[in-house]
Amino acid sequence: MFQISLIWFGAAVSLAEILTGALLSSLGLWKGLSVIVLGHLIGGVLLFLAGYIGVKSKKGSMSSVAFSFGRYGSIFFSIMNIVQLVGWQGIMIFDAGVSAEGIFSIGYKWWCLIVGILTVVWIVLGKFRNKLNIIVMSLLIILTVVLTFVILTGRTGGLVSAQGGGAEKISFGQGLELSIAMPVSWIPMIADYTHKANKPGKTAFVAVAVYSIASAWMYSIGLLAAIFTNETRVDQIMLKAGLGAAGLFIIVFSCITTNFIDAFSCNQSAFALLPEKKEENREKRSKLRQNIRKNIPGIVDTIIGTVGAVIFQMDKMSGFLYFIGSIFAPMISVQIADFFILRRNKEKSEDEKIDIIAIISWLAGFITYRILMRKDYLLGNTIPAMIITIVITTALRTVVMLVNNKKRSAVAV
């Protein structure tokens, strides 16, 4: 449970979270903070439910999706998860490269390559990584506390504006959506870490609690920095806070620890598509070779993300977050309806190749989400789309169950 806590704290301490928090600065201090807290409460609940489903099914995230969508239906979401993971790797590495370049100039593309290489090294470290992770996380916690203190005490230049001048103006609903979207982006990964734990239920709760609190903290740092310093660039925030080398450490290693989780989840999604074959004489291989072989999908994911970061300008996150929300919010909605409301028979549902009702319900939720994006709503897009998806799933399955029961009664008569 302690290792899981460190892993999910590392997931939250990321440039993406700080930058997204800075986007909320046009809401002002108190509205911005309320959006962050409310969004992470909602997103945290959804994240826990996803983890709990994995715990009860004793399967990883994408494998447990088969419970609702069937074996072939889960393939689609495995592919979508791999797509979002490649995208996240690219965005994170690009942001780290640009931010590191702002502190120590060698060319941001070189920094992207350095971060990508270090991420691959981190992936293949194996059990040694757990011990090193304790040191890295301890330093990140200390430095993040220092960064927060410096910003709050005004040592970066004092309060500039109650609204923050560096971000595009957004509404309360749009801000809420951005706060919900980050926890939702981890839904396809949470069960990969919790379903094999000795105390899976408690582990899932602790993982979500640690992530949600730390993520809200990172959002708040971005929000406060944008309002207090009128600055939304992470590297400039670090420099103004007097964290030169320490800021560089935060930028590089927060990216590496977050990208490791993405790489691990990529392994799980890839194995859900093409299950890992059990090979003989595995004990004869070195531990390094074993780690490389079982992490090939994650390594490839990191390499592709690194190449993308070097070639493309990956500095626009809001559209990507909305894309993730439109895919995975309806997915978890169908799972919530099946698992918590309808309590479907797990063994029977897993034998199905594809569940048409689940696909129809998800598609309705996806379309609803994209339509809702065209207008501004106080509750954002996720909550209304999820409610509609849950209602449709429950209604369709209930109708089908009644029809089937009627047919059985007729046959019995």
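These legends describe close-up views of a predicted model.

**View 1. The axes of helices H1 and H10 cross at roughly 30 degrees.** Helix H1 covers residues 2-12, and helix H10 covers residues 200-229. Their axes come within 8 Å. Because angles under 35 degrees count as roughly parallel, H1 is roughly parallel to H10. The crossing of H1 past H10 is right-handed.

**View 2. Residues of H1 meet residues of H10.** On the H1 side, the residues in contact are Ile4, Ser5, Trp8, Phe9, Ala11 and Ala12. On the H10 side, they are Thr203, Val206, Ala207, Val210, Tyr211, Ala214, Ser215, Trp217 and Met218. This contact of H1 with H10 is made up of 12 nonpolar residues and three polar ones, with no charged residue.

**View 3. Cysteine 112 is in no disulfide.** Zero disulfides are found in a search of the whole structure. For cysteine 112, the nearest cysteine sulfur belongs to cysteine 255 and is 8.8 Å away. A disulfide needs two cysteine sulfur atoms within 2.5 Å. Cysteine 112 has 0% relative accessibility, so it counts as buried.

**View 4. Cysteine 255 is in no disulfide.** The nearest cysteine sulfur to that of cysteine 255 is the one in cysteine 112, 8.8 Å away. Cysteine 255 is buried, because its relative accessible area is 0% and buried means under 20%.

Conventions:
Residues are numbered from 1 along each chain as its sequence is written. This is a predicted model: local features need pLDDT of at least 70, side-chain atom pairs count only at pLDDT 80 or more; totals for chains, interfaces and linings use all residues. Side-chain values use heavy atoms; hydrogens and water are left out. Axes are lines fitted to C-alpha atoms, for helices over the stretch in contact, and angles run from 0 to 180 degrees between N-to-C directions. Helices (H or I, at least four residues) and strands (E, at least two) are DSSP runs, numbered from the N terminus. Angles under 35 degrees count as roughly parallel, over 145 as roughly antiparallel, 65 to 115 as roughly perpendicular and the rest as oblique. A crossing is left-handed if the near helix is turned anticlockwise from the far one by less than a right angle, and right-handed if clockwise. Contact means heavy atoms within 4.5 Å. Ala, Val, Leu, Ile, Met, Phe, Trp, Tyr, Cys and Pro count as nonpolar, Asp, Glu, Lys and Arg as charged, and the others, Gly among them, as polar. Buried means under 20% relative accessible area, exposed over 50%, partly exposed in between (1.4 Å probe, protein chains only).
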